[in-house]
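Thanks for coming, everyone. Please take a look at the structure on the screen before I start.

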Amino acid sequence: MPLSDAAAGEGRHTLTIAQGALGSFLMFFGSLGVGWLASVSELRRWPLLIWLRLEPAGVIVSVLLLAVGSMLLVRSWLRLGQQFTVWGPQARRATLTAIAAWAAPLALCIPLFSRDVYAYIAQGKVMVNNLNPYVDGYDQLQNYLQTGADDLWARSPTPYGPIFLWLEQFIVWFTGGHPEYSIILFRVLALIGAALCVYYGPKLAELHGINPNRALWLACANPLFLTTFVASIHNDALMLGLALGGLYYAATKRPLLGILLVTLSVGIKPITLIFLPFVGLLWAGKEAGWLRKFGFWALTAGLSLGLLAVLGAINGLGFGWIGALNAQGAGLYIWYAPVGLIGMLMYLIASGLGFDGGTVQNLVYSAGKAAAVVVVLVMMFRGSYDRIVRRLAVALAAVVCLAPMIQPWYVVWLLPLFAATGIRNDWQVRTVYAVTSFLMVYATADQLDIFPYIGIDLNAARLLAAAVAVGFALYLVFLDPWTRRLFRKKYMDPADRRLF
């Protein structure tokens with residue numbers, strides 16, 4: 001590439017990264033007015049936040065900043081990927097710079113799009129008070145509503161593993177339960193998890209002959225990744241980072257370290273138990289017969305569950321998280337999840353015909369879960385050794401997509417695995433574009449912390465956020481002279497297939 005072309009390319013990347021950073025800063029300022037705050041938060045007494053949260057004009061400004069910032073971040077991510085025809089060292093530097101520049105303002109946000117971090121604080125208080133979080137909800141705490149946690153989960157057992165319970169307990173003990181100081185420490189944990197994803201995701205891609213820089217852009221510069229892991233502070237960041245590290249070490253003939261990291265991931269959130277059979281396959285080796293595969297499955301399960309048993313014995317709670325998983329979220333669904341939508345429609349139809357709609361709905365949900373189990377088993381028993389990580393990605397995708405409830409951060413679990421094993425520059429990457437854009441629009445309008453006794457109510461604020469975000473998304477798809485090309489097959493450059 002001539003020097004002038006390289007300089008021009010560098011300038012384009014810098015401008016795009018700056019636009020994304022502006023979007024993140026707008027989200028930060030929007031979070032001051034509509035991000036989640038505990039009722040006892042000292043920030044509620046800041047004059048600026050009082051205006052942003054208690055005056056209708058302040059709330060409207062905050063909603064507009066959040067919606068525009070979120071979608072500007074989406075556009076910047078799309079444009080950054082569009083600017084590379086060769087994903088070489090320059091692309092790596094630009095992508096890492098973008099991740100840092102876009103994540104930094106989000107790391108200062110008041111929690112956005114979710115208040116799960118306040119549930120972590122409440123569960124930490126349950127641990128500090130020597131209660132059993134697998135039996136006792138945080139409704140057992142005095143004045144638990146002041147913690148900021150969602151009352152929906154107040155009577156539910158925690159679905160998290162022993163490692164995260166200890167982290168919750170330590171943070172609450174260390175900060176005395178102070179909401180802002182606790183949030184800072186939980187965000188540090190989320191940033192560590194995100195950094196692990198940034199480190200191990202490209203390494204997994206290299207193992208599969210996939211360009212690691214493009215994989216990094218698809219998965220970790222992705223606005224969903226940044227908002228759900230950094231702005232929303234989900235413990236899924238640490239869970240996923242540890243699991244990816246474990247998978248990498250298992251794939252590079254260090255199975256014991258791999259099993260340890262995946263088990264630590266399970267100790268954060270047990271959904272990554274699904275990684276263990278595939279780690280066992282990697283350990284068994286390429287030429288393994290069925291007897292050897294079953295032997296290494298048993299060995300992998302024995303080592304992992306044995307370590308979890310030791311952890312459970314230390315905290316005295318055993319495998320209580322298994323029962324908690326069964327109770328967590330039972331009967332919940334969301335309209336954009338295919339199984340959730342079908343279940344809702346079947347409920348309406350059955351009820352209209354005089355049948356028990358709830359029973360029919362539950363049958364649909366059970367059928368979805370059964371189908372997911374079938375897919376997982378097929379991926380365990382069928383397929384080549386070279387595609388084990390891809391088989392894991394498909395298995396986890398089945399668990400996510402066949403559930404009645406799909407949260408945006410569930411989709412983020414899938415991004416590094418699919419990016420590392422290859423996302424083609426056709427309908428596959430357009431699906432990533434579409435899902436990312438849709439879920440960013442949904443997240444922007446879904447959870448806003450609106451004080452109920454002012455001139456604008458929650459529904460009006462959500463409608464405003466949705467209108468702005470949807471309008472911006474439509475602009476990206478149909479009007480923007482650059483990004484609209486990405487959503488149309490006829491605009492795809494056949495030369496881009498060289499990247500794969």
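Let's begin with a crossing: helix 3 and helix 20 cross in a right-handed way. A word of caution, as this is a predicted model. Helix 20 covers residues 458-479, and its axis lies 9 Å from that of helix 3, at an angle of about 25°. Angles under 35 degrees count as roughly parallel, so helix 3 and helix 20 are roughly parallel to each other.

Who meets whom here? From helix 3, the contact residues include Ile60, Val63, Leu64 and Arg75. On the helix 20 side, Ala461, Leu464, Val468 and Phe472 are among them. By class, that contact has 16 nonpolar residues, one charged and no polar.

Now a second pair. Helix 5, residues 116-128, packs against helix 6, residues 162-175. Their axes are 8 Å apart, and the angle is about 85°. Helix 5 and helix 6 are therefore roughly perpendicular to each other. Helix 5 brings residues including Tyr120, Ile121 and Lys125. Helix 6 answers with Phe164, Glu168 and Trp173, among others. This contact counts eight nonpolar, three polar and two charged residues.

Last stop, helix 8, residues 212-220.

Notes
Residues are numbered from 1 along each chain as its sequence is written. This is a predicted model: local features need pLDDT of at least 70, side-chain atom pairs count only at pLDDT 80 or more; totals for chains, interfaces and linings use all residues. Side-chain values use heavy atoms; hydrogens and water are left out. Buried means under 20% relative accessible area, exposed over 50%, partly exposed in between (1.4 Å probe, protein chains only). Helices (H or I, at least four residues) and strands (E, at least two) are DSSP runs, numbered from the N terminus. Axes are lines fitted to C-alpha atoms, for helices over the stretch in contact, and angles run from 0 to 180 degrees between N-to-C directions. Angles under 35 degrees count as roughly parallel, over 145 as roughly antiparallel, 65 to 115 as roughly perpendicular and the rest as oblique. A crossing is left-handed if the near helix is turned anticlockwise from the far one by less than a right angle, and right-handed if clockwise. Contact means heavy atoms within 4.5 Å. Ala, Val, Leu, Ile, Met, Phe, Trp, Tyr, Cys and Pro count as nonpolar, Asp, Glu, Lys and Arg as charged, and the others, Gly among them, as polar.
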